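Here is my note on the model, as numbered points. Please read it with the coordinates open.

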There are 2 protein chains.
Amino acid sequence: MSAALQALKERMMDVNALDAATAVMDWDQQTYMPAHGASARGEQVGRLSRMRHEMFTADETQKLLEGAAVETGDDEATAMVRVVKRNMDLATKLPSDLVAEKSKLGSDSQEIWVQARAKNEFGLFAPYLQRMIELVRKEAECLGYKEHIYDALLDEYEEGATAADVRAMFDTIKDPQVDLIKQIGELPETDDSWLYGSWDNSKQRAFTEMLVQAIGFDFGRGRQDTAPHPFCTNFSMDDVRLTTRFKDYLGSAIFGSLHEAGHGMYEQGSPRHFDRTPLCGGVSMGVHESQSRTWENIVGRSRPFWQHFYPKLQEAFPELKSRSLDEFVKAINKVEPSFIRVEADELTYNLHILIRFELECALVEGSLSVAELPEAWNAKYTDYLGITPKTDTEGCLQDVHWSAGLFGYFPTYSMGNLLSYQIWNALQKDVPNTDELMAAGNFKPILQWLQQKVYSQGKKYTPRDLVLRVTGKPMGAEDYLEGLGAKYRAVYGLA
Amino acid sequence: MSAALQALKERMMDVNALDAATAVMDWDQQTYMPAHGASARGEQVGRLSRMRHEMFTADETQKLLEGAAVETGDDEATAMVRVVKRNMDLATKLPSDLVAEKSKLGSDSQEIWVQARAKNEFGLFAPYLQRMIELVRKEAECLGYKEHIYDALLDEYEEGATAADVRAMFDTIKDPQVDLIKQIGELPETDDSWLYGSWDNSKQRAFTEMLVQAIGFDFGRGRQDTAPHPFCTNFSMDDVRLTTRFKDYLGSAIFGSLHEAGHGMYEQGSPRHFDRTPLCGGVSMGVHESQSRTWENIVGRSRPFWQHFYPKLQEAFPELKSRSLDEFVKAINKVEPSFIRVEADELTYNLHILIRFELECALVEGSLSVAELPEAWNAKYTDYLGITPKTDTEGCLQDVHWSAGLFGYFPTYSMGNLLSYQIWNALQKDVPNTDELMAAGNFKPILQWLQQKVYSQGKKYTPRDLVLRVTGKPMGAEDYLEGLGAKYRAVYGLA
């Protein structure tokens, strides 16, 4: 590595130290921080974010980047320069004040959102959301866009994607999915009431830890805690934090944990020499989500997976012993329009995202006001899912994203759904016996393939290039519609 | 507040954000961080410490200080300038590289220390300690001193104190204390074996949380976790973190929690407008320790305290029901030479500190090598306490301080012991019925007095001035020797 590149990398590691600090503070805020700590924490995180922004966009850093850019380096050096350049372009367009205010507001706002959700009081949260949207609009204007203001935001999470792409994606998948939901809706209702109850928290903790360790999450380099809204974060590739939650639905903890572990194993799988550099970690939100969905849905909701684990689950919760494996697999794949996105089944999930995408587009473009949001939310649930939330807690207050200022993030969940099947199909060409492996509790060959093809690439390629390299084609809906269709027809015995 | 002062305060709040970040990262490292996270964490904390140092000592900051210093402000403004100036003097003498290396080494070294302690392998830790001493020596040389290299280090924790002061203090208290220990040693041995056992962790957690809440620690602005070596830290006055530990001795958790809560209530008690400024928090290590010792020993090991709480403890642990209050009070005040400082009784405690003081003086001045440390440690325990540690785990590997680079810190524990009685005697002039209050479980008048006289002063006065203002005289051994003597003569029925 040339001296110029080395100097750039050094500077990026300083930036990484500030990023890690705010990430630890965010993790702490969502897991352990006492209630009244929020105000000072928000203030401090705001200052750190401002320092981070100032350091990253400083003339000196830009000179380091220019110096490194003219060097002829290897592939990885070229990739690092490309990634820093993209981030620099995004960051230099944003004034420090805006970054600091958004960060501070995000911190305060999340605290209020937790309260508002607990009390079912949208009014508490509304002024924070109002201000956040104003900041997000400024952000989009600073970043610039060609067609729609939303494009600027989406590009931050998924390089190159546009609102038009997202609309096209939903247009392709909506009808076949709604059709399948309808077919299943005509069958007798699946009974999953026996998965609801009062499940011992410490047993749920132990079982989910065993589960994510078994699929390959390394607890020497990570841990699992609880948070109101499960998430995964990491401070290095050797310190990855999962969170889950314990609710009356037994699946909440299980699939929450598997989902976050998918994110976590992706982060743990970067090449060691990428650690704390701009090339470390998942390449985009969509590709990241493909991995959480792979482990949650394709692996974690499959019959072979539970052939291995259901007896262990029955051991932990003997009340399940009267229920067969088939009943369990059907119950955890129950398709039913529901209110809470993170607990939605695989089939209806994308409709939850479609609703959020349409609403946040409208909020950002100004065609919908914050005051109108609860009603608009409920109207869309009635329209697309045929059900109407009774409270804002199970309606527009359910997600952390908007309180954190993450507008443009939701569509990447649906992209993740599509990519999970597309990548899984590629995996099955090299590892054809996935069902047998899972039934035997052997996840190593699966994880190894993903590690080699996806995780170990870090951010070396653009998301688009990575998908091409791994699957031989650009992101499409084909594998997804086919895989999902086959799975649900099997579970529900449809033709 | 003038514009110059306001600008200085703003800059100090940026410094505070970096301090809070490293404090959260340190807390996390000692409570929840997975084992392999240490290397990256150390690297990141090192970079943040360097940034903190660079920001604090920057020309711009020095100019802000000079600008603020010429303003005629109120008492608090003057105090803030004084505190920043002292810290600036300390910091500008230290080169950034040294600060970064010490911070990184401290982080790595603590992780190794935990392993070395668990495995009883001093050899694992020795090279880290060796390097730390080299850095500490450089630090002392940079800071400068008049008489002894140790003075430079001690002054960092206790403004103005010297090795000669510490020797004089020990000379005054050593004989009367050893005499009292001897008198008690001639009595039949106190049976506290029934306080050792296998105590349910969650019950210990619940009981200690109830206890520290009852004396006034605010859980809305703090929490308690567990750590191998209990400590207290805070990220703002509204986010104070206690730690405790659950061991086979029931008193470990109880007195550990009370001790850390004493530190914690001091931090929670700063005036709100001091928060995140240089005037917030405890004024010195010695005064800080006086408060932890007050709540741990003067309050928490008193008969009246347990008149109120012993029935509750018996309820939590019914195995205690066969033991009377008097037996309990005697057992928790058992005087017996022992190996572990943090579990030592009040009487022998200062001898543990004397040993550490003499050893770290010798290590720093170079008259003792790291290789010789275990033997020297054991020889002093044999000499002063009449007992010889069988392992380094219960010997020179027991304390976190040296791994963290905290040389010069130990004597402040003994100063705290002296000051706790001196301040308590002053308190009793205004609140004469402390025994009745404690027996009734009413700690408000006690906490309020301490809050008003000590905690609410923050760092406004120098430690010396504060002690004078609160007690009407400089720190001395009189109240301590008298108070301790009276207490132990009562517990042991001596003349």
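**Notes on the two-chain model**

1. Start with a helix on a sheet. Helix α10 (residues 250-268) of chain A lies across β1, β2 and β3 of chain A. It runs at about 165° to β3(A). Contact here means heavy atoms within 4.5 Å. Helices (H or I, at least four residues) and strands (E, at least two) are DSSP runs, numbered from the N terminus. Axes are lines fitted to C-alpha atoms, for helices over the stretch in contact, and angles run from 0 to 180 degrees between N-to-C directions.

2. Basis of the values. This is a predicted model, in which local features need pLDDT of at least 70 and side-chain atom pairs count only at pLDDT 80 or more, while totals for chains, interfaces and linings use all residues. Side-chain values use heavy atoms, without hydrogens and water; residues are numbered from 1 along each chain as its sequence is written, and chains are lettered from A and ligands numbered from 1 in the order in which they are written.

3. The chain A sheet. Three strands form an open sheet with mixed pairing, in the order β1-β3-β2 (chain A). Two strands pair if DSSP finds at least two bridges between them. The edges are β1 (222-226) and β2 (232-236) of chain A, each pairing on one side only. Direction ignored, neighbouring strands are turned by 20° against each other on average. β2(A) and β3 (residues 239-244) of chain A run antiparallel, joined by four bridges. Ser236(A) has Asp239(A) as its bridge partner in β3(A).

4. The chain B sheet. Here too an open sheet of three strands has the order β1-β3-β2 (chain B), with mixed pairing. β1 and β2 of chain B are the edge strands, and each pairs on one side only. Five bridges pair β1(B) with β3(B) in the parallel sense. One bridge to check is Thr226(B), whose partner in β3(B) is Thr244(B).

5. A helix from the other chain. Helix α2 (residues 38-57) of chain A lies across β2 and β3 of chain B. It runs at about 70° to β2(B).

6. How much area is buried between chain B and chain A? About 3000 Å², of which carbon and sulfur atoms give 58%. Buried area is the accessible area (1.4 Å probe) that two parts lose on being put together, summed over both. In contact are 40 residues of chain B and 40 residues of chain A.

7. A salt bridge is a side-chain nitrogen of Lys or Arg within 4 Å of a carboxyl oxygen of Asp or Glu. Glu10(A) forms one with Arg47(B), with the closest N and O atoms 3.1 Å apart.

8. Who supplies the chain B side? The elements giving two or more residues to the side that touches chain A are α1 (3-31), α2 (38-57), β1 (222-226), β2 (232-236) and β3 (239-244) of chain B. α1(B) gives the most, with 12 residues.

9. Salt bridges overall. In one of them, the side chains of Glu60(A) and Arg11(A) meet at 2.9 Å, N to O. Glu60(A) lies in helix α3 (residues 59-69) of chain A and Arg11(A) in helix α1 of chain A, so the pair ties together parts that are 49 residues apart in sequence.
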